[in-house]
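Hello,

Here is the structure I promised to pass on to you. Please open it alongside this email, and I will walk you through what turned up.

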Amino acid sequence: MRVVVIGGGIVGAAAAYYLTGRGASVTVVDGGYQGEATQAGAGIVCPWVDHPEDDDWYRLNREGARAYPGLVEELGEDFGYAKVGALLVSEDPAELEPVRSLLQRRYADAPEMGEVVDVAAPAELFPPLSDTLSALLVPGAARVDGRSVRGALLNAAVARGARIHAGAATLTPDGEVRVHAAAGTPAEAGRTWTPGGGPAQARSEETGSWRQAAPRGPAAARGPEATPGPQTGNGSEAVRPVAAGAGRVFADEGVAVEADAVIVAGGAWTGEVCRPLGAELPVFPRRGQILHATLEGVDTAWWPIVLPSDGPYLLGFPGSRVVIGATVEDVGFAPRVTMGGLEEVLQAGLRVAPGLAGATMAETRVGLRPVYAPGRALIGPLNSRVVVATGLSAYGLTAGPYAGRLAAALALGETPPIDLTPYAPCP
C-alpha cells in the first residue's frame with residue numbers, strides 16, 4: 001500500500017515509522033516551514049495534571065506518555081527521554097490541593113505517574129528555585145528532546161524504505177498529492193479564523209489545567225502582528241484575528257505523487273492543505289517562544305521539570321542546559337522571537353527561579369503550536385483516502401508519536417487502539 005504523509009514533524013514522522021513497520025510504501029513530504037512546532041517544543045511529558053474536565057483529551061495524552069518507554073526500547077536509541085519527575089510549585093501551599101486531588105483520583109488508572117509526595121524544599125532538587133516555594137513531586141514525569149525523537153523516527157522509517165521529499169505539498173480536490181519544489185510567500189490576504197469565537201468553539205482545550213496554556217501576558221499584545229480583536233469569554237484577554245497566512249503561492253504546478261492513502265499531519269498548516277478537499281478545518285497557530293540558558297559547570301541533566309500553576313515551565317537537559325518557556329500567543333503565522341516575548345519569559349522565569357540570573361543566554365526558539373478550535377486534538381478521516389492528524393496544541397511532544405500511530409492505523413484500514421470518535425473532524 002502506498003501512503004503519502006504530508007508533514008515531517010513528530011506526528012508525521014511517527015506515522016511514517018508505524019506505516020513502514022506494517023509494510024507500507026511511504027513517502028514523507030516535509031515543507032520545512034519556519035515555526036514548525038516540533039523544532040521548538042520544550043519536551044514535557046506529564047499528562048496527569050491537565051484536562052481535569054475533559055477525559056478524552058486526557059486519555060490521548062495519557063496513552064501518549066505511556067507509550068514512550070516502549071518506543072525507546074523499539075528504536076534502541078537515546079533521544080533525550082528521561083524520567084526526571086515534575087515539581088508542581090506554588091508560593092501558597094493551598095493552591096496545590098486541587099491538583100493533588102486530581103492526581104489522587106487518576107492514580108489508579110495511571111500508576112506510572114508514581115507516588116506523589118510533598119517537597120518542603122524544592123530548591124534541593126532544582127537549585128535555582130526560590131526558597132519561598134512549596135511543591136508536589138510527580139516522579140513519573142519525563143522530559144524528551146523533540147528534535148531527537150523526530151529524527152529517530154524518520155531515520156527508522158527511512159531504514160525500512162521510506163522516502164523523504166523536501167517541498168511543499170498541496171492536495172487537489174480529488175485528493176491527489178502534488179509536491180512543489182519550494183514554498184512561495186505567505187498570502188497577504190485571505191480567510192481569517194478567530195480562536196475565541198465562532199460556533200465551533202465548544203470549549204477551551206486548556207480550561208482548568210494546572211499548566212496555563214491559554215493566551216496571556218504582555219507578549220501576546222505586542223508586535224506589529226497583534227491587532228485588536230474581540231474579547232475572550234473571560235473578558236480579560238484580547239483575541240486577535242488570525243490570518244490564514246498559511247496560504248502559499250507556487251511558481252510550478254508541482255509533481256504528482258501516487259498514493260492509495262494520504263495522512264495530513266501538517267501542524268498549524270493542516271487547514272490550508274485540506275481546503276481543496278472542501279474541508280474547512282478551524283486549525284490555527286498558537287505561538288510559543290522559549291529560551292535556553294546554560295549554567296557553566298553545573299550538572300542539570302537530572303533536574304526535575306518545574307511546573308507552576310501559571311507558567312513558566314523550567315526543565316533541565318544534559319550539557320548544563322535549562323529551558324524556560326513559553327509564551328502563549330494568538331498572533332497568526334508569525335514565527336518570530338520578539339523582545340516582548342523574551343521579556344515575559346525572563347521575568348516570569350526569574351520570579352520562580354531567581355538563581356538563574358547569572359545563567360548564560362544560549363538560544364531562543366519559536367514554534368507555532370497547532371490548535372483545533374473545537375477543543376481537543378483532531379485525528380480522523382476526511383474522506384475514504386485522506387486522514388488528518390493535528391491539533392495537539394502544547395501537548396505535541398507528549399502525544400505526537402501516539403497520534404502518528406493512530407493515524408497510521410486509520411490509513412491502513414486497521415482498528416486504532418482507542419476510540420477516535422471524540423477526535424473526529426466536526427461536521
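Predicted model: local features only at pLDDT ≥ 70, side-chain atom pairs only at ≥ 80, totals over all residues.

Thr364 belongs to strand S20, which covers residues 360-372. Its relative accessible area is 33%, so Thr364 is partly exposed. The C-alpha atoms of Thr364 and His292 lie 6.1 Å apart, although 72 residues separate the two in sequence.

Six strands make up an open sheet of mixed pairing, and their order is S9-S2-S1-S15-S22-S21. At its edges are strand S9 (163-166) and strand S21 (378-381), each of which pairs on one side only. On average, and ignoring direction, neighbouring strands are turned by 15° against each other. S21 and S22 run antiparallel and are joined by four bridges; Pro381 has Val387 in S22 as its bridge partner. Helix H1 packs on this sheet, where H1 touches S1, S2, S15 and S22. The direction of H1 makes about 165° with that of S1.

H1 also packs against helix H2, at an angle of about 60° and with the two axes 14 Å apart. That angle makes H1 oblique to H2. The crossing of these two helices is left-handed. On the H1 side, the contact is made by Ile10, Tyr17 and Tyr18; on the H2 side, by Tyr68, Leu71, Glu74 and Leu75.

Which residues touch the most other members of the largest nonpolar core? They are Leu19, Leu60, Leu153 and Ile263, in a core of 52 residues. The elements that give two or more residues to this core include strand S1 (2-6), helix H1 (10-21), strand S2 (25-30), helix H2 (55-75) and helix H4 (146-159). Strand S15 (261-264), strand S22 (386-390) and helix H7 (396-411) are also among them. H1 gives the most, with nine residues. As background, nonpolar side chains tend to be buried together in soluble globular proteins.

Leaving out residues up to four places away in sequence, Leu60 touches Ala377, Ile379, Leu392, Ala399, Tyr402, Leu406, Ile418 and Tyr423. There is also a second, separate core of 27 residues, which includes Cys46, Ala141, Leu307 and Val323.

Helix H7 holds another residue that I looked at, Leu410. With a relative accessibility of 23%, Leu410 counts as partly exposed. Apart from neighbours within four places in sequence, its contacts are Ile379, Gly380, Pro381, Val387, Pro416 and Leu420.

Two other sets of strands are worth a look. Three strands form an open antiparallel sheet in the order S3-S8-S4. Strand S3 (44-45) and strand S4 (82-83) are at the edges with a single partner strand each, so one side of each has no neighbour in the sheet. S3 and strand S8 (residues 142-143) pair over two bridges in the antiparallel sense, and Val45 has Ala142 in S8 as its bridge partner. Elsewhere, strand S10 (residues 168-171) and strand S11 (residues 177-180) pair antiparallel over four bridges. Thr170 stands opposite Arg178 in S11. Five residues lie between the strands of this hairpin, and Gly175 takes a positive phi near 90°.

Most residues other than glycine have a negative phi, and most peptide bonds are trans. Where does the model depart from this?

- His51 is not a glycine, yet has a positive phi of about 55°. His51 sits in the loop between S3 and H2 and counts as buried, at 2% relative accessibility.
- Ser393 also has a positive phi, near 55°. Ser393 is in the loop between S22 and H7 and counts as buried, at 5% relative accessibility.
- The peptide bond from Gly325 to Ala326 is cis, with omega near 0°. Ala326 is placed in the loop between strand S19 (321-325) and helix H6 (339-352).

Note on methods
Residues numbered from 1 in each chain as written. Heavy atoms only, no water. Core = buried A, V, L, I, M, F, W, Y, C linked by side-chain atoms within 4.5 Å. Buried < 20%, exposed > 50% of the residue type's maximum accessible area, 1.4 Å probe, protein only. Contact = heavy atoms within 4.5 Å. Pairing = 2+ DSSP bridges. Axes fitted to C-alpha atoms, helices over the stretch in contact; angles between N-to-C directions. Parallel < 35°, antiparallel > 145°, perpendicular 65-115°, else oblique. Left-handed = near helix turned anticlockwise from the far one by under 90°.
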